[in-house]
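Work through the exercises below with the structure in view. Try each task before you read its solution.

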Amino acid sequence: LRQGMVGDSYNIGGGNARTNLSLVEMICEQIDQRCNQTIGASRELIEFVADRPGHDRRYEVDYSKIKSQLGWEPKVRFEDGLRKTINWYVANRQWILNIQSGDYRRERLGIRSEA
């Protein structure tokens, strides 16, 4: 933030290329562990559908510019970040249910009202 060039763009990544399927399988395994399910139970929910035109089989960000110019390196391993993200979603299930039901209207949360 303080060292970058004004108006320049930097990709932030971690060099963790994975196929979409391998990522989904990692998520399923983490969900099974977090929710005390039999390992592999969530994988049974994976449904393969026809790819849309131009569908990417994997996503990878080239972060060499921010690494070389600013010395940026990821501080959280991919697996740890994935686990933390899943734990947040499991702990905030009501937020997900509100989105699914339509009750969540993208209002800002946690803002103190002025008295």
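The model is predicted: local features need pLDDT of at least 70, side-chain atom pairs count only at pLDDT 80 or more, and totals for chains, interfaces and linings use all residues. Residues are numbered from 1 along each chain as its sequence is written, and side-chain values use heavy atoms, without hydrogens and water.

**Exercise 1.** Describe the largest pocket and its lining.

Solution. Start with the term: a pocket is an open set of points on a 1 Å grid, where a 1.4 Å probe fits, with protein on both sides within 12 Å along at least five of seven lines; lining residues have an atom within 4 Å of a point. The largest pocket holds about 340 Å³ of space. Its lining has 13 residues, and Asn20, Leu21, Phe48, Asp51 and His55 lie nearest the centre.

**Exercise 2.** Describe the second largest pocket.

Solution. About 210 Å³ of space lies there. The lining has 14 residues; Asn16, Ala17, Tyr59, Glu60 and Val61 are the closest to the centre. Both β1 (18-19) and α1 give two or more residues to this lining.

**Exercise 3.** Is Asn36 buried or exposed?

Solution. First place Asn36: the loop between α1 and β2 (58-59). Its relative accessibility is 72%, so Asn36 counts as exposed (over 50%; buried is under 20%, partly exposed in between, with a 1.4 Å probe and protein chains only). Last, check the backbone: phi of Asn36 is near 55°, a positive value in a residue other than glycine.

How values were computed: Points joined across faces, edges and corners; volume = space filled by probe spheres on them. Helix = DSSP H or I, 4+ residues; strand = E, 2+ residues; numbered from the N terminus.
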